[in-house]
Amino acid sequence: HLRHCEFYAESLDTLSGSLFQSGQADTLVEIERDLENVRGAWRYAVEARNAEMGRKVLIPAMILYEIRGWYPAGVGLFDSGAKAFTTESGSPEERVVGAMSTAFSCYFRALLGQPDVDSVLTAIAILRESDDTLGFWTSIQAVALTMGYAGQPEGFVKAADELIKVGETLD
């Protein structure tokens, strides 16, 4: 079971770069074709508290759930990661996976009209201190969206500015 989950986590990690390119639609179809295996890899990572595997699944799953409009399922998926990978203790990698899970859950909550400003700001503070630039950049989107839905335009603009600055540093 572990090897099976590792295989799908590695596959997602390999495909994740193409999610930000013109081949995104084809990549999403490929990921969706193996959706049960993707979910299985996430469940295994959460149950085993395997942060390395969880990190490989996070961004591709977030993008897939967003584009497909699976917002309530996204809340459930990422809440499980936020609970398993606490942001208050654990290794730096566990804290990053927990913070990204929290940010992504907040993203989907905002889309459902339930913005959680405190949680998303706590998560982004942890990610701001990490070396995971792509995870931080992806999570800033959650801050911007949450601030917008919470009726905090100044917070939205601040997050959008940071999103642009960090985005310019990505390859």
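Contact here means heavy atoms within 4.5 Å. The model is predicted, so local features need pLDDT of at least 70, side-chain atom pairs count only at pLDDT 80 or more, and totals for chains, interfaces and linings use all residues. Residues are numbered from 1 along each chain as its sequence is written, and side-chain values use heavy atoms, with hydrogens and water left out.

View 1. Helices (H or I, at least four residues) and strands (E, at least two) are DSSP runs, numbered from the N terminus. Reading along the sequence gives α-α-α-α-α-α-α-α-α. Take the contacts with a separation of 6 or more: 66% of them join residues 24 or more positions apart.

**View 2. How does the radius of gyration agree with that of a compact globule?** The chain has 171 residues, so a compact globule would come out near 16 Å, and the chain's 15 Å agrees with that. This radius is taken over C-alpha atoms, and the globule rule is 2.2 Å times the number of residues to the power 0.38. Along the principal axes, the C-alpha atoms fill a box of roughly 45 × 40 × 30 Å.

View 3. The accessible surface of the chain is about 8,400 Å², with 51% belonging to carbon and sulfur atoms; the areas come from the Shrake-Rupley method with a 1.4 Å probe, and for residues only the protein chains shown count as cover. There are 14 positive and 25 negative side chains, and the centres of the two sets lie 4 Å apart. Lys and Arg count as positive, Asp and Glu as negative, while His and the chain ends are not counted. Each charge is placed at NZ of Lys, CZ of Arg, CG of Asp or CD of Glu.

**View 4. S101 sits in helix 6 (residues 92-111).** Is S101 buried or exposed? At 0% relative accessibility, S101 counts as buried; buried means under 20% relative accessible area, exposed over 50%, and partly exposed in between (1.4 Å probe, protein chains only). Skip the neighbours within four places in sequence, and S101 touches W42, L58, F78, G81 and A82. Across the chain, 46% of the 171 residues count as buried.

**View 5. R43 belongs to helix 3 (residues 35-48).** R43 is partly exposed, at 43% relative accessible area, whereas C5 is buried at 1%. The two are 38 residues apart in sequence, and their C-alpha atoms are 9.1 Å apart in space.
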